[in-house]
Amino acid sequence: MAQVSAPIRVLSGVFAAVFVLAASVQTNDPDALTWIAIYMAAASSAALAAVGHVNLAWSGISTLAYSVLFAYYCPALLTAKARAFQTWKMQAPEDEVAREAIGLLLCAFSSAVLLVAAATAKPKTRKSD
């Protein structure tokens, strides 16, 4: 674990709230449990960073995983219609995939920020008694 700067803590708190919101709106999704798990994993990492705990290995693994998933879903963005991003309701299945790509991009970005923060942070030291 490494010490996290105040700006990263604040940004991580915002990301944690966004990911909890994203997880909460998945209930009507056909694969809701998968996406709730994805967003809650990102929310958990961000919440831990918000209170000052960031792990280099976990941040690296999650950045890689979210990036690979984003790359898989990314082609849907190239064919997405504007309606995919104009309402909370799913208008068509292909709209859902494009929105999921954006969610994965946010997860990857958040994890990458934590990866850089962990890689550049000073290690936590124990207080001597």
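These are legends for a set of close-up views of one predicted model.

View 1. Follow the sequence along and you get the pattern α-α-α-α-α. The chain has 129 residues, and 37% of them count as buried. Now take the contacts between residues with a separation of 6 or more: 73% of those join residues 24 or more positions apart.

**View 2. Here is the largest nonpolar core, a group of 18 residues.** Which residues have the most contacts inside this core? They are Phe 19, Trp 35, Ile 38, Tyr 39, Tyr 66, Leu 104 and Cys 107. Helix 1 (6-24), helix 2 (32-50), helix 3 (56-73) and helix 5 (93-120) each give two or more residues to this core. Helix 2 gives the most, with six. Zoom in on Ile 38 and you'll find it touching Tyr 66, Leu 104 and Cys 107, leaving aside residues up to four places away in sequence. Another core, of eight residues, lies apart from the largest one, and it includes Ile 8, Ala 49, Leu 114 and Ala 117. As background, nonpolar side chains tend to be buried together in soluble globular proteins.

**View 3. Helix 2 and helix 3 pass each other in a left-handed crossing.** For helix 2 and helix 3, the axes come within 12 Å and cross at roughly 145 degrees. Who makes the contact? On the helix 2 side, look for Trp 35, Ile 38, Ala 41, Ala 42 and Ser 45. On the helix 3 side, look for Trp 58, Tyr 66 and Tyr 73. Sort the residues of this contact by class and you get seven nonpolar, one polar and no charged.

**View 4. Ser 45 sits in helix 2 and pairs up with Trp 58.** Is Ser 45 buried or exposed? Its relative accessible area is 13%, which is under the 20% cut-off, so Ser 45 counts as buried. The side chains of Ser 45 and Trp 58 are joined by a polar contact of 2.6 Å. Leaving aside residues up to four places away in sequence, Ser 45 touches Trp 58 and Leu 114. You have met Leu 114 already, among the residues of the eight-residue core.

**View 5. Over in helix 3, Ser 62 is another serine to look at.** Ser 62 has a relative accessible area of 7%, so it is buried too. What does the side chain of Ser 62 make a polar contact with? Its partner is the side chain of Ser 111, at 3.2 Å.

**View 6. Gly 13 is a spot in helix 1.** Gly 13 has 30% relative accessibility, so it counts as partly exposed. Along the chain, Gly 13 and Leu 48 are 35 residues apart, while their C-alpha atoms are separated by 8.8 Å.

**View 7. Cys 74 takes us out of the helices and into the loop between helix 3 and helix 4 (75-79).** With 24% relative accessibility, Cys 74 is partly exposed. How far is it to Ala 98? The C-alpha atoms of Cys 74 and Ala 98 are separated by 7.3 Å, and the two residues are 24 residues apart along the chain.

Note on methods
Residues are numbered from 1 along each chain as its sequence is written. This is a predicted model: local features need pLDDT of at least 70, side-chain atom pairs count only at pLDDT 80 or more; totals for chains, interfaces and linings use all residues. Side-chain values use heavy atoms; hydrogens and water are left out. A nonpolar core is a set of buried Ala, Val, Leu, Ile, Met, Phe, Trp, Tyr and Cys residues joined through side-chain atoms within 4.5 Å. Buried means under 20% relative accessible area, exposed over 50%, partly exposed in between (1.4 Å probe, protein chains only). Helices (H or I, at least four residues) and strands (E, at least two) are DSSP runs, numbered from the N terminus. Contact means heavy atoms within 4.5 Å. A polar contact is a pair of N or O atoms within 3.5 Å; within protein, one must be able to donate a hydrogen and the other to accept it, and residues adjacent in sequence count only if both atoms are side-chain atoms. Axes are lines fitted to C-alpha atoms, for helices over the stretch in contact, and angles run from 0 to 180 degrees between N-to-C directions. A crossing is left-handed if the near helix is turned anticlockwise from the far one by less than a right angle, and right-handed if clockwise. Ala, Val, Leu, Ile, Met, Phe, Trp, Tyr, Cys and Pro count as nonpolar, Asp, Glu, Lys and Arg as charged, and the others, Gly among them, as polar.
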